[in-house]
Amino acid sequence: MYLKLLSAVIVFGAWEIAGRIPVSYAFPTFIESMVALAQMTFDGTLFTAYGETLRPLIIGVAISAFIGIAMGLWIGLSNWFDWLFSPIFIVMQAAPLAALIPLLVMAYGIGLTSKVFVICIMAMPVIVLNTASAVRNTPSSIKEMARSFMGSDLEILLKIIIPAASPVIFSGLRLGVSAGFIGAILAELKITPTGVGDIITFSRSIADYPSMYAAIFSIILLAVLFLNLLERLENLLFEGNNRGYVSD
Amino acid sequence: MKVYGYHLPAMSSLILWGILWEIVGRSGLTFFIPPFSEVIGTLFVIIGTPAFIKALSETAYAFFAGVFFAVSIGIPVGILMGKNRLIDELLLPWVNMFLSAPLTALVPVLMVLFGFGMKSIIITTTLFAIWIIILNARAGVRQIDRSMVEMARSFGAKPLDAFFKIYFWAALPEILGGVRIGVIRGVKGVIIGQLLISIVGFGALFELYSTNFLMKHFWAVLIVLFAMAFALSEVLAYLERRVAYYAAKR
Amino acid sequence: MRIFFSKGTTVVMSQTKGAFAKADPLSGENAVTAHKISKSYGDVEALKNLTLEFPRGQLTSLLGPSGCGKTTLLKIIAGLLDPTSGEVKVNGKTVTGPGPDRAFVFQDFALLPWASVIRNVAFGLELRGMAKSEREAIAAKYIRDVGLAGFEKSYPHELSGGMRQRVGLARALAVDAQVLLMDEPFSAVDEQTRRKFQEDLLSLVQNENKTFIFVTHSIEEAVYVSDQIAILLPRPSRVHEIIRPGGFREKGVDNIRRDPEYLDIVDEIWASLRSYVE
Ligand SMILES: Nc1ncnc2c1ncn2[C@@H]1O[C@H](COP(=O)(O)OP(=O)(O)OP(=O)(O)O)[C@@H](O)[C@H]1O
Ligand SMILES: [Mg+2]
């Protein structure tokens, strides 16, 4: 714990010193940035900005989660569906999908739709693939157990496969949210500057570097805190869920 | 997947999707999707053009330079973290943070600090790739059997010897796994960097094609890019399996 | 209420049953019959024309080298696998799928890691659509019977291997099926627990009018617990021999392992299996 604090002091101290030298005219000190951050927080700019940034993010992640989990379940359950759809998501996972953005802008304009789309294509593949592999890796002995007690297919899905797969599905969701953040900011920087992307772009254009750094600092902090929270939740919810199979 | 007892190869459904694309393209449903065959035709035309070769070489340069830095910094740092508790405690929170942070937000900073050119793109690539490489190298070192290290020490291995003869090899499977994921992230990073900085490489090409509504060209470049990214990740996965054959047997 | 699996129960086989089993093994009706079962997985012929009868109220062991098709046969009887040809009858009815007359005990326990002991034990009843309070009352009784009282709210990862298998047994007993199918149920527990389980199993066979089909790798275990041992040999799998130990049963659990007949049968089986193990 002390070491964590020490490590933070070292990094922020280095930032402060580098800003004071200064290493670059565009490198404000840590304190300047934090002051700018406090200012933006208190005059409410930051909150309005996040309202705008988080809207496509939430919509996009919700759509990705819904469609992604459904697709993943289906792919995991049906060989035929697996053959048909897996390759698409495997390629999507490996490919730099950001390259699609200019096309999306052409097709859907510069509004919310495009941004939601960007977030979806970034977040969906990992959700689908995680869900599918979790479903496929359900221990066959517990599926057989349910079948030997005459569980119906639906019961096996609801009472065996989904509970068994949910830890992996959840961590897929977490990775999806992480990718969604990347997409959300990319969309704001590339498509139209709104929300936090607007603060970044605008303060850069007027050379208000402390505000720019503060905005970037805040969005990274927000994303990391939120993802950490999700991870905590995951550990809490599924504690012991992965243990207790015979292999442990 | 089996049809009438005949085994269909894993990625063969892409052919079906290609056909579907062709049909949608021919039906003229939307301007944004030209027929697949025409896209492929365009692909062969543009693949030799100077603009394409320039974009490709610029991208490849930025990518390989970025990945080179990520690997050559990431692996030693990861090994050090795995070996030394103090360094580990100091760095781990930051590595974890940057691993899940939306790195796209940092690109504007790179732009003001390092200019609108190659340097920023290379650094973007490195930033995308390095954290997972560090983390995996660290995990690889941490899982090393203590008895193996003690064995080396008992035979009189010097620290540097131990570093290269034991730590590196014993952690190799994890390190390679990290490099593979890092490289895939690097591909995304180089493209995101180019899109945001957008005066070099494929970023410029995409900009050019989309502002001029050259759909076939756009898709052709996209296909080349995706195919290369996918091939790269498959090759790395293959190499990983070949080199790290002993991973499962430890 | 009968008590089994509770600590300190001494098992003494009744004279009548032992003698009956010895004298006239097939006159009692068979609970399960497997008739000319063949099963192939692609090119692998796991079972070929296997015919075997399982007398009611008795414990039949399937013994044989690894890969000879014991699990396959058990799953076919359970209705989890379809035979390529041949048929299985349980109480005269042909098996077409899993049924309420059979319950399976799994080698790796197959417990739901996210469910408490009581929900695991009640799970078979839950799938049969029994109301919650009713099934939990039944489950609680069987949890007590297998000696796990007090662990109702625990989760599988909080239990030892032996305790987990008790949960698996309680789950199979709770549905009150006539036929219990056990696939190497004791192979994942330690030797002491295993011996205790074997003794408990004997009392279970004795006290319950259930038919047990029991897969094992262990010759000693098979001879110790079985009324009838079917020795299977691989490629193509067939029943090599049926052995009915019985003479030493009256002597009580504590003496069986010292009985000359017990030792002879163990040796005899080892002699016929030996050549297949190499
Ligand atoms: N799902 C399957 N696909 C293909 N072959 C299988 C499958 N299951 C079993 N086999 C083959 O069938 C044969 C019998 O398998 P089975 O599991 O019934 O053996 P077993 O007697 O239970 O072995 P063990 O004692 O090791 O548990 C083996 O040779 C095995 O290779
Ligand atoms: Mg088996």
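The model examined here is predicted.

Several side chains of chain C place polar atoms close to the ligand. For T72(C), a polar side-chain atom lies 2.4 Å from an oxygen atom of ligand 1. In the side chain of E184(C), an N or O atom is 3.4 Å from an oxygen atom of ligand 1. Y41(C) has a polar side-chain atom 3.4 Å from a nitrogen atom of the ligand. On its own, ligand 1 has 630 Å² of accessible area, and the protein covers 62% of that area.

## Arrangement of the chains

There are 2 pairs of chains that touch, and the pair formed by chains A and B has the most contacts. Chain B and chain C do not touch, their nearest C-alpha atoms being 11 Å apart. Chain A, by contrast, is in contact with chain C as well as with chain B.

Chain A contains 10 helices and 0 strands. Read from the N terminus, its elements follow the order α-α-α-α-α-α-α-α-α-α. The C-alpha trace of chain A spans about 70 × 50 × 30 Å along its principal axes.

## The interface of chains A and B

Chain A contributes 52 residues to the contact with chain B, and chain B likewise contributes 52 residues. Between them the two chains bury about 4,500 Å², and carbon and sulfur atoms give 82% of this area. W83(A), P96(A) and M106(A) together supply 15% of the area that chain A buries against chain B, which is more than any other three residues supply.

Polar pairing across this interface comprises 10 residue pairs in polar contact, both residues being at pLDDT 80 or more. The count of salt bridges between chain A and chain B is 1. In a salt bridge between these chains, the side chains of K190(A) and E207(B) meet at 3.2 Å, N to O. On the side of chain A that touches chain B, the elements giving two or more residues are α1 (2-20), α4 (79-94), α5 (101-108), α8 (153-190), α9 (195-205) and α10 (209-237) of chain A. Of the elements on this side, α4(A) gives the most, with 11 residues. By class, the side of chain A that touches chain B consists of 44 nonpolar, 5 polar and 3 charged residues.

## The interface of chains C and A

In the contact between chain C and chain A, 29 residues of chain C meet 23 residues of chain A. The area buried between these chains is about 2,300 Å², with 66% of it on carbon and sulfur atoms. W114(C), L127(C) and H157(C) supply 29% of the area that chain C buries against chain A, more than any other three residues.

Across the interface of chain C and chain A there are 4 residue pairs in polar contact, both residues at pLDDT 80 or more. The elements that give two or more residues to the side of chain C that touches chain A are β6 (102-105), α3 (117-127) and α5 (161-174) of chain C. The largest share of that side comes from α3(C), with 5 residues. Its residues divide by class into 17 nonpolar, 4 polar and 8 charged.

## Salt bridges

Side chains of opposite charge can pair when their charged atoms come close. Over all chains, the whole structure contains 25 salt bridges. The count between chain C and chain A is 2. K159(A) forms a salt bridge with E126(C), with the closest N and O atoms 2.9 Å apart.

A salt bridge also links K75(C) with E144(A), the closest N and O atoms again being 2.9 Å apart. K75(C) lies in helix α2 of chain C and E144(A) in helix α7 (residues 140-148) of chain A, so this pair joins two chains.

Terms used:
Residues are numbered from 1 along each chain as its sequence is written. Chains are lettered from A and ligands numbered from 1 in the order in which they are written. Side-chain values use heavy atoms; hydrogens and water are left out. A polar contact is a pair of N or O atoms within 3.5 Å; within protein, one must be able to donate a hydrogen and the other to accept it, and residues adjacent in sequence count only if both atoms are side-chain atoms. Accessible areas come from the Shrake-Rupley method with a 1.4 Å probe; for residues, only the protein chains shown count as cover. Contact means heavy atoms within 4.5 Å. Buried area is the accessible area (1.4 Å probe) that two parts lose on being put together, summed over both. A salt bridge is a side-chain nitrogen of Lys or Arg within 4 Å of a carboxyl oxygen of Asp or Glu. Helices (H or I, at least four residues) and strands (E, at least two) are DSSP runs, numbered from the N terminus. Ala, Val, Leu, Ile, Met, Phe, Trp, Tyr, Cys and Pro count as nonpolar, Asp, Glu, Lys and Arg as charged, and the others, Gly among them, as polar.
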